[in-house]
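Me: I am new to this structure and would like to understand the words used for its parts. Could you take me through them with care?

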Amino acid sequence: MLAVTLAVVSGASGAAGADGHELRPASGSADAASARWSWPVSPPRITVAYRAPAHAYGPGHRGIDLASAVGADVRAPDDGVVAFAGVVVDRPLITIDHGDGLVSTMEPVSATVPVGTSVQRGELVGTVATGGHTAPGEIHLGARRDDVYLNPLRLLGEVPRAVLLPCCEPAQQPG
């Protein structure tokens with residue numbers, strides 16, 4: 001029986017974890033070419049990674065938290081229409097409908113554009129505020145397709161490919 005190890009190849013896209021490294025996809029890389037979204041804050045630095053729940057109602061972290069500064073600009077990750085801009089419980093947030101069932105939500109963000117506004121990728125849509133589960137100076141970026149949460153890194157072209165590598169010596173056959 002041949003054993004294999006699953007290795008993650010990050011390529012030129014750099015670190016995509018909560019290690020404080022900036023993420024810089026190389027132009028022309030497969031990850032950069034597949035990126036549909038752009039980063040809402042710059043420079044991008046993930047402070048809390050996406051953690052998928054075991055089931056629809058299970059615990060997890062349904063998005064990524066990004067370091068920034070209170071008052072910093074927040075930009076639309078892609079073209080769309082502002083579907084919600086307001087306060088939910090204790091934090092301001094903005095939701096953008098990107099079409100085809102895809103929605104982004106960023107919080108805490110004080111929106112500078114009203115509901116119904118068409119926005120373009122990279123366009124200013126608000127500023128980093130405070131509230132919610134993020135530390136001051138951070139925002140949470142969430143993504144849903146047809147009401148199912150997904151890792152925003154998939155849309156940012158930052159999820160490393162998984163590659164199977166040989167792990168061990170083949171088992172000795174009794175002789």
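This is a predicted model: local features need pLDDT of at least 70, side-chain atom pairs count only at pLDDT 80 or more; totals for chains, interfaces and linings use all residues.

Reply: Helices and strands are DSSP runs numbered from the N terminus, a helix having at least four residues and a strand at least two.

Me: Why is Gly71 called partly exposed?

Reply: Buried means under 20% relative accessible area and exposed means over 50%. Gly71 has a relative accessible area of 44%, which lies between these limits, and therefore it is called partly exposed.

Me: What does Gly71 touch, not counting residues up to four places away in sequence?

Reply: Gly71 touches Thr127 and Val128 on that count. Ala129 is 58 residues apart from Gly71 in sequence, and the two are 6.3 Å apart in space, C-alpha to C-alpha.

Me: How confident is the predictor in the chain, going by its mean pLDDT?

Reply: The mean pLDDT of the chain is 81, and 73% of its residues reach 70 or more. Over residues 1-34, however, the pLDDT is below 50, although this stretch has 66 contacts in the model beyond near neighbours in sequence.

Me: Why does Asp78 count as buried, and what surrounds it?

Reply: Its relative accessibility is 10%, and since buried means under 20%, Asp78 counts as buried. Asp78 is found in the loop between strand S4 (73-75) and strand S5 (80-88). Leaving out residues up to four places away in sequence, Asp78 touches Arg36, Trp37, His98, Val119, Gln120 and Arg121.

Me: What makes Asp100 and Asp146 exposed?

Reply: The word exposed is used for over 50% relative accessible area. Asp100 has 67%, so it is exposed, and Asp146, at 55% relative accessibility, therefore counts as exposed as well. Asp100 lies in the loop between strand S6 (91-99) and S7, while Asp146 lies in the loop between strand S11 (138-145) and strand S12 (148-150). Phi of Asp100 is near 55 degrees, a positive value in a residue other than glycine, and Asp146 has a positive phi of about 50 degrees although it is not a glycine.

Me: Which members of the largest nonpolar core touch the most other members?

Reply: This core has 26 residues, and those touching the most other members are Ile64, Leu66, Val74, Ile94, Met106 and Val125. Two or more residues each are given to this core by strand S3 (64-67), S6, S7, strand S10 (124-128), S11 and helix H2 (152-156). Setting aside its neighbours within four places in sequence, Val125 has contacts that include Val74, Ile94, Ile96 and Met106.

How values were computed: Residues are numbered from 1 along each chain as its sequence is written. Side-chain values use heavy atoms; hydrogens and water are left out. pLDDT is the predictor's confidence in each residue, from 0 to 100. Contact means heavy atoms within 4.5 Å. Buried means under 20% relative accessible area, exposed over 50%, partly exposed in between (1.4 Å probe, protein chains only). A nonpolar core is a set of buried Ala, Val, Leu, Ile, Met, Phe, Trp, Tyr and Cys residues joined through side-chain atoms within 4.5 Å.
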